[in-house]
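Hello,

Here is the structure I promised to pass on to you. Please open it beside this email and follow along as you read.

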Amino acid sequence: MDRFENDSFYYKENKLYCEGVGLDYLAEKYGTPLYVYSRHFFEERFKEFNNAFSEIEHKIFFAVKSNFNINVIKIFHNLGAGLDVNSAGEFYRAVKAGGNPQEMILTGVGKTAEEIQLGLKENLMLIKAESFDEVLLINEIAGKLGKVAPLAIRVNPDVDAETHPYISTGLSENKFGINSADAFDAFKEASKMKDIRLTGIDMHIGSQITSVSPYVEAVDKLAEDFFKLKAEGIELEHFDIGGGMGIRYKDEEPFTPKELAKALIPTLKKLNCQIMFEPGRFLTANGGALITKVLYNKSNGKKHFVVVDAAMNDLLRPSLYKAYHYVQPVIIGDAGTHIADVVGPVCESGDYIAKQREMPIVENGALLAVMSAGAYGMVMASNYNGRRRPAELLVNGEKFYVARPRETYEHLLYDEKLVIK
Ligand code: LLP
């Protein structure tokens, strides 16, 4: 039976571990569903990416949206990462994690005036504009605050990242960035604005990209703009490649950071400026697993269902993108295999973790690990069906910490009040 393992999540004597801790022990102690993260994984991935680009001046901004637990943010901050925050809420978390606003970038296609104001007041390293209207608004707000806004413009290079349509962002049909044809003029106009200091050019062409060619194509396009701007006297301090580096969920064979570096460095060197990256998934996805317990087995003659205690509200990716995550036993048994759907308790047919999956026959009460859940897992969790969001645990060698406890029923209400008599 095919199973997912790496240096951090591995089997020893038929039991799945995260680093030095048995996942059955953690599930027993903290209950399920339970997110478990490996600190070691996060650190090693960061170093691998960082080292691959050591030849050039660069900085990695961890995309907080992929995993916003403040401990996870802190791990990357401690390693020297800047932080890519997509909203005031992510900024709030990043600050709580100990992040330094001057090493944060504010991204997002629909920032509100309040968010722009916050970004300026808190002196973030830069704000990224995704439309000309936004450039105008940033200039206006900066003027009112008596500040000069450090601004990067996100260009949509119209390149096919060959990924799921919901997570492709660099095509002209996608809502992101200013399209290539208009970008040059946008930069020129922005450069004349009194309260803007143009600092960079930016792209982010999609997520879970598994080949280097879309990056090469997009970087080449943006590099052209970069030099055209330079010829006009607009010198930029940085060139931001965005995130999107793909990982293995199933049988993908994604490029390594070294391979990406090899393909891009010749062009990047010519730019002679700081190169920025915003990886999220690459750093976090395979450093997390969602542990869930089997509640029931049932068959209807046509199909077998394994009903587990994790649902689409805990991990939305299968329901939303038909995403594949390995689902494997925490304790390997010898009951044989069958084809089953792994489904959650939420009252939606779309609530599933795995479909038509060949998997071991598991008894009620058995524990399953849903792998590659460290990115876009907990951050996309909701309280749908009145479900409390799972706990998050961080493992560090033989030690482990509750990075966030399971929500209580009080959390579900927050300060909702009964106003109807
Ligand atoms: N920078 C920007 C501007 C982004 O929009 C994103 C992700 C990233 C960086 C980080 O991308 P990454 O390296 O993680 O691919 N929920 C989807 C993924 C959505 C990605 C959104 N933007 C999923 O579960 O697959």
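To sort residues by kind, Ala, Val, Leu, Ile, Met, Phe, Trp, Tyr, Cys and Pro count as nonpolar, Asp, Glu, Lys and Arg as charged, and the others, Gly among them, as polar. With that rule, the shell around the ligand holds six nonpolar, five polar and six charged residues.

Before going on, please keep in mind that this is a predicted model, where local features need pLDDT of at least 70 and side-chain atom pairs pLDDT 80 or more, while totals for chains, interfaces and linings use all residues. Numbering starts from 1 along each chain as its sequence is written, and side-chain values use heavy atoms, without hydrogens and water.

Now to the ligand. Ser207, Glu278, Arg317, Tyr321 and Tyr376 come nearest among the 17 residues around it (a residue is near if one of its heavy atoms lies within 4 Å). At Gly280, a polar backbone atom is 2.9 Å from an oxygen of the ligand.

Next, the rings. Rings of Phe, Tyr and Trp (its six-membered ring) pair if their centres lie within 6.5 Å; planes under 30 degrees apart are stacked, over 60 edge-to-face, the rest tilted. The count is 18 aromatic pairs. One of them is Tyr30 with Phe400, edge-to-face, with 6.1 Å between centres and 80 degrees between planes.

Two backbone details remain. Thr32 and Pro33 are joined by a cis peptide bond, with omega about -5 degrees. Asn272 is not a glycine, yet has a positive phi of about 55 degrees.

Enjoy exploring!

Technical notes
A polar contact is a pair of N or O atoms within 3.5 Å; within protein, one must be able to donate a hydrogen and the other to accept it, and residues adjacent in sequence count only if both atoms are side-chain atoms.
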